[in-house]
Amino acid sequence: MTFLMKWLLPLFCLAIGSQAFGQPNDPSQIAPFDYHRDFKPIFDRTKNRYDTLYYLKLLTRFQNNDSSLTRAETLALLIGYTDNQYFKPYADMMTEKEIVKLNDDGYYLDALDESKKYLQTHPLSLSTLKERSYAYYKLKKRDSARYFMSLADKIMEAMIYSGKGKSPETAFFSLGLADGDYFIPNVGLSVSGRKTGKDKWRNFLYIIDAVSLEDVHNTYFFNIQHAKLKMDNEEDPDAEATPVQKVPRKQRGVPPVKPDTISVPAPVITPDIPQPPADSIPSAPAPIPEPAMIPAADSSRTKQELQQ
């Protein structure tokens with residue numbers, strides 16, 4: 001990935017980036033989602049099989065790249081995933097970094113192998129959807145590259161829908177601990193610094209100092225309270241992924257497989273059930289974890305790379 005490819009503005013950010021970052025074409029700048037108020041009612045609706053926001057219904061539409069799937073519905077899908085048995089925020093971040101590294105080192109077939117397994121249990125990983133798109137692009141599979149970039153775009157747009165990101169109380173919703181590290185370059189900025197903090201309701205935040213090509217710095221906030229709680233309640237910080245030896249794959253121009261890739265168990269499939277609407281349920285404040293620093297993600301891909 002060249003320096004120019006890394007920093008050129010993605011074409012799509014001209015349309016949606018201005019909406020997120022306060023450009024004149026959207027003077028209202030009203031965020032329709034409030035994490036403190038709306039997270040719990042939306043989460044409850046995604047568990048109701050008769051609701052329009054039922055998780056499995058939304059997931060099917062998402063994976064079918066349904067153009068009628070709205071940003072609000074995609075946001076509900078992300079919220080519905082937060083109690084998934086395979087959602088392990090810290091371990092997930094480490095696995096995603098391994099997939100990024102496979103692409104960075106030119107192991108595109110192996111990146112496809114590992115991303116395919118990972119997406120079976122983590123279908124909403126912003127990083128991995130982008131990396132899978134990039135690997136297909138490098139292997140000249142443009143239709144597949146466009147499909148996975150389209151899914152990544154849906155998640156980006158849902159994050160933009162979730163808030164303005166310019167204050168702790170209007171933070172972007174971020175499913176993963178470090179999704180902000182992939183979000184910021186995809187709207188034409190670069191990550192200059194990172195820290196953690198809390199909003200006035202004590203929700204845990206990932207905070208990024210972002211810099212533009214004109215060297216203008218701005219601070220953006222990402223709400224990761226759900227990920228922090230899941231990590232504190234369920235994850236063993238001393239647990240390590242077990243490396244898996246694989247038979248080398250060969251293709252001209254593609255390096256052989258490396259022995260340090262990661263295996264992920266297959267998902268449990270449940271039947272699809274129809275849905276009449278149900279009402280929201282009032283929210284309740286989440287438990288308050290202690291702050292902890294989050295390791296930064298290593299790399300990101302922009303949609304511009306797939307248009308070269």
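How many aromatic pairs does the count come to in this structure? The count comes to 12 aromatic pairs, where rings of Phe, Tyr and Trp (its six-membered ring) pair if their centres lie within 6.5 Å, and where planes under 30 degrees apart count as stacked, over 60 as edge-to-face and the rest as tilted.

Before selecting anything, note that this is a predicted model, in which local features need pLDDT of at least 70 and side-chain atom pairs count only at pLDDT 80 or more, while totals for chains, interfaces and linings use all residues. Residues are numbered from 1 along each chain as its sequence is written, and side-chain values use heavy atoms, with hydrogens and water left out.

**First stop: an aromatic pair**

Select Tyr108 and Tyr134, which form an edge-to-face pair at 6.4 Å centre to centre with 70° between the planes. Tyr108 lies in helix H7 (residues 108-121) and Tyr134 in helix H8, so the pair ties together parts that are 26 residues apart in sequence. Helices (H or I, at least four residues) and strands (E, at least two) are DSSP runs, numbered from the N terminus.

**Second stop: H6 and H8**

To see the contact (heavy atoms within 4.5 Å), show Glu96, Ile99, Val100 and Asn103 in H6, which meet Ser127, Thr128, Glu131, Tyr134 and Ala135 in H8. By class, this contact of H6 with H8 has 4 nonpolar, 3 polar and 2 charged residues; Ala, Val, Leu, Ile, Met, Phe, Trp, Tyr, Cys and Pro count as nonpolar, Asp, Glu, Lys and Arg as charged, and the others, Gly among them, as polar.

Now select helix H4 (residues 55-63) and helix H5 (residues 71-80), whose axes come within 9 Å and cross at roughly 120°. H4 and H5 are therefore oblique to each other. The contact is made by Tyr55, Leu58, Leu59, Arg61 and Phe62 of H4 and by Glu73, Ala76, Leu77 and Gly80 of H5, and by class it has 6 nonpolar, 1 polar and 2 charged residues.

**Last stop: the sheet**

Show the 4 strands that form an open sheet in the order E1-E4-E3-E2, with mixed pairing; two strands pair if DSSP finds at least two bridges between them. Strand E1 (172-173) and strand E2 (190-198) are the edge strands, each pairing on one side only.

Begin at E1, which 2 bridges join to strand E4 (residues 217-223), the two running parallel. Here Phe172 has Phe222 of E4 as its bridge partner, and Phe173 has Asn223 of E4.

Finish on E2 and strand E3 (residues 204-211), an antiparallel pair joined by 8 bridges, where Gly193 stands opposite Asp209 in E3. The hairpin of E2 and E3 has 5 residues between the strands, and Arg202 takes a positive phi near 70° there.

Terms used. Axes are lines fitted to C-alpha atoms, for helices over the stretch in contact, and angles run from 0 to 180 degrees between N-to-C directions. Angles under 35 degrees count as roughly parallel, over 145 as roughly antiparallel, 65 to 115 as roughly perpendicular and the rest as oblique.
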